[in-house]
Amino acid sequence: MLYYIVKRLLILPFLLFVFSVIAFLLIQAPPGDFVTSYVAELAASGSSMDQIQIEALRQLYGLDQPVYVQYFKWITRLLQGDLGISLDFQKPIADLIGQRLLLTVILGLATFFFTFAIALPIGIISATRQYSFFDYFFTVFNYIGVATPTFMTALILMWLAFTELGITITGLFSPEYADQPWSFGRVVDLGKHIWLPMVILGLDGTARLARILRANLLDELNKPYMEMARAKGLSEWRLVLKYPVRLAINPLVSSLGWYLPLIFSGSLIVATVLNLPTIGPLLLRSLIGQDMFLAGAIVLSYFGLAVIGTLISDILLAWLDPRIRMEEASK
Amino acid sequence: MFWATACAMPPTPTIDRHTAMTEKNLLTVKNLKTLFVMDEGTSTAVDGVSFTVDQGQVVGIVGESGCGKSVTIKSILRIIQKPGQVVGGEILFRQAGGKNGADGEVIDLAKLDGRGKEMRAIRGNQITLIPQEPMAALSPVHTIGNQLIEAVRLHMDVSKVQAAEIAIKRMAEVGMPNPEERMELYSWELSGGLRQRVMIAMALLCNPRLLIADEPTTAIDVTTQAQVLSLLRDLQENHDLAIIFITHDLGVIAQVADDVVVMYLGRVMESGPVDDIFHNPLHPYTKALLASIPSVHGTTRGPLPAIEGAIPHPFNRPTGCPFHPRCASHIPGTCDRRTPVLVAKNDRQSVSCFLQNDAAEED
C-alpha cells in the first residue's frame, strides 16, 4: 500500500512538468506577446508606457529570448513561489488566486461530499427496488439532473429565491464578511452561503453517479456471492451493504479521478452566474483581458487540482480493493 | 372399530411414503411447487417434488441442466428470489433444539418468511449450503477470515477472536494447510480445491444437521474432485451429517449417495436406494441416463447412446408425462394426456411412470 502511494507520488513531478509546458504554451498562444497587448490596452484607455518600461518588462519575462528560455525563466520563478504579476490587476498573482483557490477547494469538496451522500442512497434504493415507484421517481429526477445545465438551475433558484423569499443568494459571504480576514464568524457565514452553490453544482454529478451506481449494483445483485450470503442467514440489508455495494462502489471511486477536477473547473459558469469568489470567474476575466500570466497560473492550478483528485481516487481504490493493491505490489 | 380395520388392511403400493414423518426423517419435502412468474409466461421450475432425507443419510438429486434441482434446494433454503416463489407443498424439517443435540420440533419451512428472522436462524446454522462455484460465492474484496467469522457470529454469540478460533479449527478439519495464514488471504489467492475447502469449512462452522451441496465438484478438476468427495464422505460419517448432493454426474452419485432422486423438468421421475436405481432402474428416463454413461469396459466403438431430443422450453411444457416426447416406450393416448404421479413400486423404489403403474394419475 505504501509502495503504491509512493509510486503514485513519484510520477507527480513529471505530470506537473508536462502540465506546466501546456500551461505555458497557452500563455504563448495568442498573437503578439502580452506586453504588446498590455501596451495596446493602455493606449486604448488613453495612457501610455515609455519604451524603457516596455523593454524592462520584456527583459523581465525574457520575451526577447527563445521560447524555451522564456519557459525556463517562468518555471524557475514559479518554483521559487513567484507566479508573476497580473498585468490587469497590477497585483501579484499569488495574492489574487490564493484566497479564491482555497474557496474553490472548499466548495469543490463540499459539493463532492454532498454528491456522494445523496447519490449513494438513491443508487442503492433504485437498484434494490428496481422498477418500483422510487426507482422510476429517481430515474426521472436523474434525467432532469443530467439534462439541465447547472447555470440554468442556478438562475432559476436565484430567481425563485429573490421573487418568493426576497433574498439574494449570490456569493459565498455576506457583504460584511466578504473582504474580511478569516475569523470564526466568517466560517459560519461561509457555511450559511455555501449550501446553495453546493447543491447546484452537485445535482448533475449526483444524477450521474446515482445512475452509475444503480447499473453497477444491478450487475452485482445477481452474483453467486449474494446467494451464498443469503444461505449463511445474513439479513437482506446487511448483505446488500456489505457485499454488492462494496463491489459496485469501485467504478464510482475510479470516477473520482475525473469528477473531482470537473467540480473544480466545471464551476466556471455557475460561479460567474452566482458571483462566487472562486477562481472560475477570475479565469474568465483574465482570458477576456488577455492577462495571460494570470490565466496560465489558473490553468496550472486546475491541473494541480486534477492531479490531486486523481491521486486521491487512486489511493482510495487501492484501499478499497485488495486486487488492485496486489496487482501493483506484484509489478 | 376403525383402527382395527385400518391395521388389518394390507399395505397398498400406492401409499405415498412421504406423508408420515417418522423419527429418523430429518427432512420431508412434499409436493413442493416453485413458480417463476415473468412477463413472458409462468415457468413451473419445481412441480410437485417429494422426497425424504433421513438423519445421517446422503441423498443425491440427479438430472440434466434445467431439471429444477437447484431451484429445489434453493426452495428448501428459502432463498428463491423474485420473480420466483414457493407456491405450494411442505418442507418439514426436524430442528435441533433439544439438549446435547437431541431433536427439537418439526417445522414447515415452506410456511416461513424466506427473509424472516426464523428462517435466517435456520439457514446457515442447521441447514447450510456448499455452492457450485466457490470462486464466485466468495467476495473478492473481503478476506476468507472475514467471511468465515461473519458466518459464525450470525448464529453464535461469540467474540471475533472466538469466532476466528472456530473458523481455524474447521479449516484445519477440512484439510486446509496453515489455516491461520489463510484467514488473511482473499479467495483469488487460493487454488480451486482450497477454495472449495473454505466453502466446506464455512458450511460446517455451526454444526449443521443438513448440508446441501450444489454440484460442489463441477468447478474443480478431476483429481481435486476425488479429494473433495472423500472429504465430504469422511465429514458425513464423523458428524453423522445428512447431505443433499446435487449433481448431473451419475458417477459422483454412485460414490457418495445412499438414496437417489432422479428429476426431469421439475418432477421426480424415480427415487430409491442407489443400488436399486443403478441395477434395477424402473423409469425409462433413468434407464436412458444410465445407458449414456461411458464405460471403461465397453466393447463397442460406436457412439454413446444419447437421449433423443432436447429438454423442452420451460414455458412450453408437454402435456401428460413431461418425458413422453423423448421416451422410446411411451404409450400413445396415455403418456401424452395424463400426468403420472410418484408412487411406491416396492418397499424401496418409487417411480412416476404409466409403464410401471397404470393407476398412477394426478387428479
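**Exercise 1.** Is Arg208(A) buried, partly exposed or exposed?

*Solution.* Some ground rules come before the steps. This is a predicted model, in which local features need pLDDT of at least 70 and side-chain atom pairs count only at pLDDT 80 or more, while totals for chains, interfaces and linings use all residues. Residues are numbered from 1 along each chain as its sequence is written, chains are lettered from A and ligands numbered from 1 in the order in which they are written, and side-chain values use heavy atoms, with hydrogens and water left out.

Step 1: Recall the cut-offs: buried means under 20% relative accessible area, exposed means over 50%, and partly exposed is in between (1.4 Å probe, protein chains only).
Step 2: Arg208(A) has a relative accessible area of 37%, so it is partly exposed.
Step 3: Now look at its partner: Arg208(A) forms a salt bridge with Asp204(A), with the closest N and O atoms 3.3 Å apart. A salt bridge is a side-chain nitrogen of Lys or Arg within 4 Å of a carboxyl oxygen of Asp or Glu.
Step 4: Asp204(A) counts as buried because its relative accessibility is 16%.
Step 5: Both residues lie in helix H8 (residues 184–220) of chain A, four residues apart, about one turn of the helix. Helices (H or I, at least four residues) and strands (E, at least two) are DSSP runs, numbered from the N terminus.

**Exercise 2.** Which parts of chain B does the salt bridge of Asp276(B) and Arg348(B) tie together?

*Solution.* 
Step 1: The closest N and O atoms of Asp276(B) and Arg348(B) are 2.7 Å apart.
Step 2: Asp276(B) lies in helix H11 (residues 274–279) of chain B, and Arg348(B) in the loop between strand E11 (343–344) and strand E12 (350–351) of chain B, so the pair ties together parts 72 residues apart in sequence.
Step 3: Asp276(B), at 15% relative accessible area, is buried, whereas Arg348(B), at 43%, is partly exposed.

**Exercise 3.** What does Arg325(A) touch, not counting residues up to four places away in sequence?

*Solution.* 
Step 1: Locate Arg325(A) in helix H16 (residues 322–330) of chain A.
Step 2: Its contacts (heavy atoms within 4.5 Å) are Met1(A), Ala318(A), Trp319(A) and Tyr186(B), leaving out residues up to four places away in sequence.
Step 3: A polar atom of the Arg325(A) side chain lies 2.9 Å from the backbone oxygen of Ala318(A).
Step 4: Arg325(A) is partly exposed, with a relative accessible area of 22%.

Notes: A polar contact is a pair of N or O atoms within 3.5 Å; within protein, one must be able to donate a hydrogen and the other to accept it, and residues adjacent in sequence count only if both atoms are side-chain atoms.
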